[in-house]
Structures are given as C-alpha cells and as structure tokens.
Amino acid sequence: SSSDLQYRTYLALVWHYKYMACELLGKNEEAGAAIENVLICDPAFADFWYQRGCMHQYRGEYDEAIKQFDLALKYDANFADAYLGQGKSP
C-alpha cells in the first residue's frame, strides 16, 4: 500500500542519516549496519546513493563516487545533483 511505502521511505531516511553520522565519526561498523537497514527499507532511495557519492568524492575516491551517483540516477533519472556530482569527479 502507499502508506507502507511512505513508512519504509521515512524509515530509510532515518537510517540514512544515521549512516552519514557514523561515517563522519569514523564508526565504520555502525555505518555498515545502517547501510544494510537503508537497503532493506528502500533500496531505490536515490538520495542515499547520492549522499554516498558525495562522501566518496570528499575523500578523493572519485571512481567510487561516480558509481554511487550512477546508482542514484538509476533510481531517479531526474536527480540533477547526481549529474552535477558526476561532473565534479575528475
């Protein structure tokens, strides 16, 4: 149902923010668990893939960043920021 999909999307967003916080704090094990939960809740959550791309880009991991931006675009072909992220990765 649409309410179930909306719930899963909000839950994925919560796990997504936990992932980002853990990643920034260097809590890799917790970040990994949060990723798994995002993917269980909503694997097509384009913003998740975009944010992962931004993190890889920040670290200078440009090939991995582009892969993540590609995944964001797979799930949302109109995600303009993901196109911009691809362009910023040398």
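In this predicted model, the buried residues of α1 are Ala 12, His 16, Tyr 19, Met 20, Cys 22 and Glu 23. Their cover includes α2 and α3. An α-helix has 3.6 residues a turn, so residues three or four places apart point the same way. The length of α1 was checked against its residue count. At 1.5 Å a residue, its 24 residues should span 34 Å. The end C-alpha atoms lie 35 Å apart, which agrees. Just after α1, Gly 26 adopts a positive phi of about 75°.

Tyr 19 also belongs to the largest nonpolar core, which has 21 residues. Tyr 19, Phe 48, Tyr 50, Ala 72, Phe 79 and Ala 82 have the most contacts inside this core. At least two core residues come from each of α1 (2-25), α2 (28-41), α3 (46-58) and α4 (62-75). In soluble globular proteins, nonpolar side chains tend to be buried together. Phe 79 touches Ala 46, Asp 47, Tyr 50, Ala 72 and Leu 73, with residues up to four places away in sequence not counted.

The cysteines were then examined. A disulfide requires sulfur atoms within 2.5 Å. By this rule, the count is zero. The closest cysteine sulfur to that of Cys 22 is in Cys 41, 15 Å away, so the pair is too far apart for a bond. The cut-off for burial is under 20%.

Notes
Residues numbered from 1 in each chain as written. Predicted model: local features only at pLDDT ≥ 70, side-chain atom pairs only at ≥ 80, totals over all residues. Heavy atoms only, no water. Core = buried A, V, L, I, M, F, W, Y, C linked by side-chain atoms within 4.5 Å. Buried < 20%, exposed > 50% of the residue type's maximum accessible area, 1.4 Å probe, protein only. Helix = DSSP H or I, 4+ residues; strand = E, 2+ residues; numbered from the N terminus. Contact = heavy atoms within 4.5 Å. Expected span 1.5 Å × (residues − 1).
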